[in-house]
Protein chains: 2
Amino acid sequence: MSLKFGILGILASAGPQSGYDIKTYFEEGPSYVWQADLPQIYRTLDQLEQAKYVVVEADPTNARNRKVYTITEEGQKALQEWLQEDFECSPIREANLLRVFFGTLTPPGILKQQVAAQRNQFTEILQQYHAVKTLIAQHAEQYPKDAFFWTLTLQAGLKLTQAWLEWCDETIQQLDDLETRE
Amino acid sequence: MSLKFGILGILASAGPQSGYDIKTYFEEGPSYVWQADLPQIYRTLDQLEQAKYVVVEADPTNARNRKVYTITEEGQKALQEWLQEDFECSPIREANLLRVFFGTLTPPGILKQQVAAQRNQFTEILQQYHAVKTLIAQHAEQYPKDAFFWTLTLQAGLKLTQAWLEWCDETIQQLDDLETRE
DNA sequence: TAATTATATATGCCAACACATCTATGTACT
DNA sequence: AGTACATAGATGTGTTGGCATATATAATTA
């Protein structure tokens, strides 16, 4: 649902470009906030075209059938409406937590290993986020306003990952306590 | 994907029951970790039956076509495999953060209102979690082992919501700073 | 007694998404 | 010259999920 507006947002803030460009932009920009795969981007661009939110133009300088998409005024309007919608908290939907929920069914010891492994993953993610920090700082020289908001989203990622790390630590601790009690 | 195992988990830990019972169990139990709507539960039960992970039996004492599902040994085996799978961190996919990412496009002031409203939602969720805490404590008298793991999942919810609250506060602060700078 | 709610199952439909696959061209490396 | 990779677009397919809706019975409430 939001991919539609993610694409419109990119076209609005970074100017006309191709589906492939959008994919690249996604990877470098909002990937830690929203992911999109290439076929999905192409199909969504088709939808946006049908809705007249974008217009297409073949790129004559390009030999690879490159098509350049531009946001229309209707597109701008739809984007604005979406941007100003109320924020809804999305419920948690974590397969791992579902596994923890059924912890009584899992053989003793397994769960601790799983959480410990996940803890390592979160540490890596945290490092990646810190790398993104540097990228944003570079971008800030030219576009300080963008960088401000990108940093806000990155801080959300950092906070959530940090929270997960703490949960892992405390959970491992409590699983240890359980073991020694028995 | 995980609904399949959520249902198997419920059948394994709470015994044979109907699709409707499972829906009720979901609402009272893992709803803050995984959600399921009734049609989806019925369809998934059909799949589980075809996979021979559950067997069905009509309830003769019930006038409403009630069907009781029981997990099979294959089902137990599949559930165990799923339970012991490695934990994978699922990437963040938050429409709200995507909106923040395009903050330069949003009219000044709007974003602060959106985040403030979301902050209120998170406060309510936090209160709901504390209410669940009491429910689990009651359950703990009969099933202390269950309660232990349920509390672990609840703590994840609390931690994440707390992290979101902090992010909201800091973001509002930074948006205020931006306003005064201009 | 009538209306509503809870119990109980089922189907239809559509959007979103993931994954695989296909085509074709330009560029860089070996 | 050949291989691999990056650029560029498109289709097929299957799963999950959400929402509406239909059916029927039992229990509760007005």
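The residues of the surface near DNA strand C divide into eight nonpolar, six polar and nine charged. Here Ala, Val, Leu, Ile, Met, Phe, Trp, Tyr, Cys and Pro count as nonpolar, Asp, Glu, Lys and Arg as charged, and the others, Gly among them, as polar. This is a predicted model, in which local features need pLDDT of at least 70, side-chain atom pairs count only at pLDDT 80 or more, and totals for chains, interfaces and linings use all residues. Residues are numbered from 1 along each chain as its sequence is written, chains are lettered from A and ligands numbered from 1 in the order in which they are written, and side-chain values use heavy atoms, without hydrogens and water.

Stay with DNA strand C. It is surrounded by 23 residues, and the closest are A:R64, B:Y42, B:R43, B:R64 and B:K67. A residue is near a strand if one of its heavy atoms lies within 4 Å of it. The side chain of B:K67 has an N or O atom 2.3 Å from a phosphate oxygen of DNA strand C. For B:Y42, the distance to a phosphate oxygen is 2.9 Å. B:R64 places a polar side-chain atom 3.2 Å from a base oxygen.

Now turn to DNA strand D. Of its atoms within 4 Å of the protein, 60% belong to sugar or phosphate and the rest to bases. A polar side-chain atom of A:Y20 lies 3.0 Å from a phosphate oxygen of DNA strand D. A:Y42 also has a polar side-chain atom 3.0 Å from a phosphate oxygen. The side chain of A:R43 has an N or O atom 2.2 Å from a base oxygen.

How do the two protein chains meet? In all, 74 residues of chain A are in contact (heavy atoms within 4.5 Å) with 74 residues of chain B. The area buried between them is about 7,400 Å², and carbon and sulfur atoms give 67% of this. Buried area is the accessible area (1.4 Å probe) that two parts lose on being put together, summed over both. In chain A, A:F87, A:R99 and A:F101 lose the most area to chain B, together 13% of what that side buries.

Conventions. A polar contact is a pair of N or O atoms within 3.5 Å; within protein, one must be able to donate a hydrogen and the other to accept it, and residues adjacent in sequence count only if both atoms are side-chain atoms.
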